[in-house]
Amino acid sequence: RAIESQCYVVSAAQVGQHNPKRSSYGHALVVDPWGCVVAQCSDAVGIAVAEINLDLVAKVRQAIPVWNHRRTDLYGNLSPCWSASEQGPPEHPQYQFGQVTVQAAQVFYKSPLTIAFVNKMPVLPGHVLVAPIRPALRLADLSAEEVQDLFLVVQRAQVAAEKQFGASSSTIAVQDGPDAGRSIDHIHVHVLPRRPGDFARNDEVYVKLQEDKKNSRPKRSDEEMAAEAEQLRAHF
């Protein structure tokens with residue numbers, strides 16, 4: 001059960017003779033997410049004490065990403081990261097994203113290696129960004145593990161944004177380097193929910209993305225961004 005649920009399992013146990021036909025073995029124990037017994041009582045009355053290592057939990061969930069294979073069409077799109085009522089990951093009040101700082105209240109999804117957050121100057125309603133937590137300039141600078149995690153989060157962010165903004169399609173774009181139009185010195189992915197007629201010419205979306213460098217679009221307030229992030233969290 002510890003391996004299946006990717007968490008620590010505390011298994012309490014009875015001990016002693018209950019009646020002539022029934023006795024209990026004891027050996028209450030604590031099992032870590034790898035299935036290793038980290039504390040165990042004897043066959044007598046006792047107490048087992050174990051340290052809960054949250055870094056190990058994160059490592060196991062990254063190594064065996066069972067959440068990424070969850071049948072959300074059958075069981076719902078639950079998130080192991082934080083509940084929808086929380087305002088953001090409590091362990092990080094903010095994240096460095098190139099030249100700018102992303103507040104936790106603007107983050108609507110976080111995995112061990114990646115964050116998805118709302119955009120200060122969206123091209124379209126629901127235009128969100130997904131970026132690795134570790135600073136990196138180019139896609140090639142990421143490890144295979146980081147690349148995998150990045151695009152799995154892109155997939156989840158796309159589903160959430162389309163649901164929230166009533167879209168049935170999305171543009172997914174990576175401007176990998178300044179010559180490709182990137183204005184922030186941190187590799188990231190644009191997720192833009194699309195609806196019929198949002199641009200006269202479909203490819204105009206890339207022109208609008210290029211205009212990021214000119215700061216031609218109005219900037220939203222922190223309060224507006226936090227409110228949108230809270231709405232998106234409800235989809236996880």
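Student: Is Gln-6 buried or exposed?

Tutor: Some conventions come first. This is a predicted model, in which local features need pLDDT of at least 70 and side-chain atom pairs count only at pLDDT 80 or more, while totals for chains, interfaces and linings use all residues. Residues are numbered from 1 along each chain as its sequence is written, and side-chain values use heavy atoms, leaving out hydrogens and water. Buried means under 20% relative accessible area, exposed over 50%, and partly exposed in between, with a 1.4 Å probe and protein chains only. Gln-6 is buried, at a relative accessible area of 1%. Its phi is positive, about 55 degrees, although Gln-6 is not a glycine.

Student: Which class does His-27 fall into?

Tutor: His-27 counts as partly exposed, with 21% relative accessibility. His-27 also has a positive phi, near 60 degrees.

Student: How should I read a pocket, and how much space lies in the second largest pocket?

Tutor: Rolling a probe the size of a water molecule over the atoms shows where empty space is left. On a 1 Å grid over the protein atoms alone, a pocket is an open set of points where a 1.4 Å probe fits, with protein on both sides within 12 Å along at least five of seven lines; lining residues have an atom within 4 Å of a point. A volume is the space filled by probe spheres set on the points, which are joined across faces, edges and corners. The second largest pocket holds about 440 Å³.

Student: Which residues lie nearest its centre?

Tutor: Of the 21 lining residues, Phe-97, Val-100, Asn-119, Lys-120 and Ile-184 lie nearest the centre.
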